[in-house]
Amino acid sequence: MLTQRQLFLQHNAQTSPEPLMLEFVKAKGVYIYDAAGKKHLDLIAGIGVSNVGHCHPAVVEAIQKQAETYMHLMVYGEYVQSPQVNFAKALADILPPNLSCTYFLNSGTEAVEGAMKLAKRYTGRKGFIACKNAYHGSTQGAESLMESDSYSSGYGPFLPHVSFIEHNNIADLEKITAEIAAVFIEPIQGEAGICVADLSYMQALRKKCDETGTLLTFDEIQSGFGRSGKMFAFEHYQVVPDVLLLAKGIGGGMPIGAFISSLEIMSVLSHTPILGHMTTFGGHPVCCAAGLATLRTLVDGHIVDEVEQKGQLFKQLLQHPAIKEIRGKGLMLAIEFENFELNKKIIDACILDGVLSDWFLHCSNSMRIAPPLIITNEEIEEACAIILKNINLVAG
């Protein structure tokens, strides 16, 4: 009889020649449990997904209740479904007035695709600008916004009329002209190894987009829903985007994405032609119910209020000569080492020792720290002790 690992390799499409092959059977809070019953402290939260922890009781209850009421009824946008309406209204209540209208989808990359179409339709322009070392998703349109020969090789050609700028380089903003439909930018770049934008840069970017009539689109798929220490990373900059992209952490572990803008801007998708953007499963009732429960858990529990302090604790405890730098805001951190080889050895040693982490797509010499936001100070101390122990074992 074949094992689960053997079946995984034979029947599940692979994304790398050497998957981690960790076999987990249960998850709760900040821990994931393997088939042998060993618990692993999760410092990556499914890449910024499980912000309220794994299987949070409020999220599980909302999922179960909605699954017993109704699930898929119709393609998105035709029926009035309370889970969609209530989640969209709750998002509008915590966002600025110009971000009051939400289009729900299934993932972050779908949110990017929808926002690209929205920008073209609203502005009548073709051009886009994105940042070097960005990551916006793996579908063709979203991947067109990623300047990386190594990851894009063999999958082109991608969309034309896309230009790239350096994150945090004010001089590069001159590339934003009246021919650009939208600028797509992560206020805190994730896969670049947690690169935090400067206040002056973000304000200059907003000003340039206003001058050229370009839609400023913030990809907060990783940084949103409290991970940066504020509910949304744009709140650090006193800058509000025209379009906001969310996914990952907004569903409490369920698959959901969204692009959000004003009612005026979003209305262009509904006419000339009608059905300008469509999705069958976007805004799935169960996922929206989970999203609303996640939002209420974060807000009612004041969880985000503690995120900055928890991030500072990681920075204070993780002191070692082998650590070149710790970057980030809140619980969106990168620990930089000399090279990928050293980083990978430390990550692998930590995994064997019950602490889960990984590296970044465009910054392989840095370790990712992005645990569930509910992690306690004691659990942070435990995690840091294990990381330091393994840095000593690997790096000396």
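Hi everyone, let's start with a salt bridge: Glu338 pairs with Lys324, and their closest N and O atoms are 3.6 Å apart. Glu338 sits in the loop between S14 and helix H12 (340-352), while Lys324 sits in the loop between helix H11 (307-317) and strand S13 (325-329), so this pair ties together parts that are 14 residues apart in sequence. Glu338 counts as exposed, at 53% relative accessibility, and Lys324 as partly exposed, at 48%. Please keep in mind that this is a predicted model.

How many salt bridges are there by this rule? The count comes to 15. Another of them joins Lys310 to Glu306, with the closest N and O atoms 3.5 Å apart. Here Lys310 is buried, at 5% relative accessibility, whereas Glu306 is partly exposed, at 41%.

Now for a pair in the interior. Glu191 forms a salt bridge with Arg368, with 3.0 Å between the closest N and O atoms. Glu191 lies in the loop between S8 and S9 and Arg368 in strand S16, so the two tie together parts that are 177 residues apart in sequence. Are these two residues buried or exposed? Both Glu191 and Arg368 are buried. Asp358 joins in as well: Glu191, Asp358 and Arg368 are linked in a network of salt bridges.

Let's stay with strand S16, which covers residues 366-369. In a regular strand, side chains alternate between the two faces of the sheet. In S16, Ser366 and Arg368 point one way, Met367 and Ile369 point the other way, and all are buried. The strand pairs with S14 (residues 332-336) in the antiparallel sense, over four bridges, and Glu336 stands opposite Ser366.

Back in the loop between strand S8 (188-189) and strand S9 (195-196), we find Gly190. Gly190 is buried, with a relative accessible area of 0%.

Next, a charged residue with another arrangement. Arg227 is in the loop between strand S10 (215-219) and strand S11 (243-246). Arg227 is buried yet has no salt bridge, and the nearest side chain of opposite charge, Asp42, is 8.6 Å away. What does the side chain of Arg227 reach at 2.9 Å? That would be the backbone oxygen of Pro371.

Leu73, Met74, Val75 and Tyr79 make a nonpolar patch of about 330 Å². Leu73 lies in the loop between helix H3 (57-69) and helix H4 (82-94), and is partly exposed, with a relative accessible area of 43%.

Technical notes: Residues numbered from 1 in each chain as written. Predicted model: local features only at pLDDT ≥ 70, side-chain atom pairs only at ≥ 80, totals over all residues. Heavy atoms only, no water. Patch = residues over 30% accessible without salt bridge, like charges linked within 9 Å, V, L, I, M, F, W, Y side chains within 5 Å. Areas by Shrake-Rupley, 256 points an atom, 1.4 Å probe, with all protein chains shown as cover. Salt bridge = Lys/Arg side-chain N within 4 Å of Asp/Glu carboxyl O. Buried < 20%, exposed > 50% of the residue type's maximum accessible area, 1.4 Å probe, protein only. Lys, Arg positive; Asp, Glu negative; His and termini not counted. Polar contact = N/O pair within 3.5 Å; in protein donor to acceptor, adjacent residues only side chain to side chain. Pairing = 2+ DSSP bridges.
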